[in-house]
Each structure stands twice: as structure tokens, then as C-alpha cells.
Amino acid sequence: QVQLVESGGGLVQAGDSLKLSCAASGGTFSTYAMGWFRQAPGKEREFVAAVSWSGGIKKYADAMKGRFTIARDKPKNTVYLQMNSLKPEDTAVYYCAAIDSTNWSPMGYWGQGTQVTVSS
């Protein structure tokens, strides 16, 4: 059973940076692709970024390209999301997820989420 715990969220101003972390335990973390999703109030959960099991393949939603960077530290079983140049529209709960690398879809393992609030 994979368990994912996110941290690093908070309240920042537009233009600031934040780095989210997702610590994984259980399962075979090193063989999964991993990703970040977010859900803003009143909106559906949306894809943010994903990284392959090796760390060599990274995918981003168009709105995040150039501002967000995903990375994984396999020995630490941790995935990171570096977010720069944050905008008020980035305000959401950010979730870490295990990803099926055959179709880059969530496998159903989610963390509890971490709140990111960006003030204008």
C-alpha cells in the first residue's frame, strides 16, 4: 500500500516561489511514475506535472511550463514540485499521486493534499 504525504504549501504573494514535497512509503515507489495535480475551489482536479520512474521524462501542463519544475529523489522516496513566479490562479490544493507510466494516468494513490494560496 503506497502512502503519500505532501508538505510545503502556504500563503505567498504573487511572484513568490514555493517548493512542495511528497514523501512516499510502502509499495514499490521507485518503479512508479509520480505526479502532481491541483484542485481549486469549485473546479475539477487538474494535472500539473509528472516525472517518470527514472526521472528522465517530465511532463507539464501548458500553464506551468517554464514556471514549475518536478523532480524526484529516489533514495529519499520523495518527489518535489518547485513553483516559481506564482500567480493568484495557482491557488489550489496540490496533491501528489502515483502515475501509471503506460498511460500517464493516476493509479488511485493520492496524498491528503497541501494548500497553496497566492495573494495578489
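Which ring does the charged end of Lys19 sit over? That ring belongs to Tyr80, and the charged end lies 4.6 Å from its centre. A charge counts as over a ring if NZ of Lys or CZ of Arg is within 6 Å of the ring centre and within 35 degrees of the ring normal.

This is a predicted model, in which local features need pLDDT of at least 70, side-chain atom pairs count only at pLDDT 80 or more, and totals for chains, interfaces and linings use all residues. Residues are numbered from 1 along each chain as its sequence is written, and side-chain values use heavy atoms, with hydrogens and water left out.

**The open sheet**

- An open sheet is built from 4 strands in the order β1-β3-β8-β7, with antiparallel pairing. Strands (E, at least two residues) are DSSP runs, numbered from the N terminus. Two strands pair if DSSP finds at least two bridges between them.
- Strands β1 (3-7) and β7 stand at the edges with a single partner strand each, so one side of each has no neighbour in the sheet.
- From one strand to the next, the twist averages 15°. Axes here are lines fitted to C-alpha atoms, and angles run from 0 to 180 degrees between N-to-C directions.
- β1 pairs with β3 over 5 bridges, in the antiparallel sense. Gln3 stands opposite Ser25 in β3.
- Strand β3 (residues 18-25) also pairs with β8, antiparallel, over 6 bridges. Leu18 faces Met83 of β8 across this pairing.
- Strand β7 (residues 68-73) is joined to β8 by 6 bridges, and the two run antiparallel. Here Phe68 has Met83 as its bridge partner in β8.
- β7 and β8 make a hairpin with 4 residues between them. Asn77, in the turn, has a positive phi of about 50°.
- Strand β8 (residues 78-83) is largely enclosed by the rest of the structure, because 5 of its 6 residues are buried. Buried means under 20% relative accessible area, exposed over 50%, and partly exposed in between (1.4 Å probe, protein chains only).

**The disulfide**

- The structure holds 1 disulfide, defined as a pair of cysteine sulfur atoms within 2.5 Å.
- Cys22 and Cys96 form it, with their sulfur atoms 2.1 Å apart.
- The torsion about the S-S bond is about -80°, so this disulfide is left-handed.
- Cys22 lies in β3 and Cys96 in strand β9 (residues 92-100), so the pair ties together parts 74 residues apart in sequence.
- Cys22 and Cys96 are both buried.

**Aromatic pairs**

- The whole structure contains 4 aromatic pairs. Rings of Phe, Tyr and Trp (its six-membered ring) pair if their centres lie within 6.5 Å; planes under 30 degrees apart count as stacked, over 60 as edge-to-face and the rest as tilted.
- One of the pairs is Phe37 with Phe47, edge-to-face, at 5.6 Å centre to centre and 75° between the planes.
- Phe37 is in strand β4 (residues 33-39) and Phe47 in strand β5 (residues 46-51), 10 residues apart.
- Phe37 is buried at 8% relative accessible area, whereas Phe47 is partly exposed at 28%.
- Tyr95 and Trp110 have ring centres 6.4 Å apart and planes at 90°, so they too are edge-to-face.
- Tyr95 lies in β9 and Trp110 in strand β10 (residues 105-110), so the pair ties together parts 15 residues apart in sequence.
- Tyr95 is buried at 14% relative accessibility; Trp110 is partly exposed at 30%.
- Phe37, Phe47, Tyr95 and Trp110 form one aromatic cluster.

**A further charge over a ring**

- Lys59 lies over the face of Trp104, 5.1 Å from the ring centre.

**Salt bridges**

- The structure holds 4 salt bridges. Each is a side-chain nitrogen of Lys or Arg within 4 Å of a carboxyl oxygen of Asp or Glu.
- Glu46 and Arg38 meet in one of them, at 2.6 Å from N to O. Glu46 is partly exposed at 36% relative accessible area, while Arg38 is buried at 7%.
- Asp90 also bridges to Arg38, with the closest N and O atoms 2.9 Å apart. Asp90 is in the loop between β8 and β9 and Arg38 in β4, 52 residues apart. Both Asp90 and Arg38 are buried.
- Asp62 pairs with Lys65, their closest N and O atoms 3.2 Å apart. Asp62 and Lys65 are both exposed.
- Salt bridges with shared partners join Arg38, Glu46, Arg67 and Asp90 into one network.
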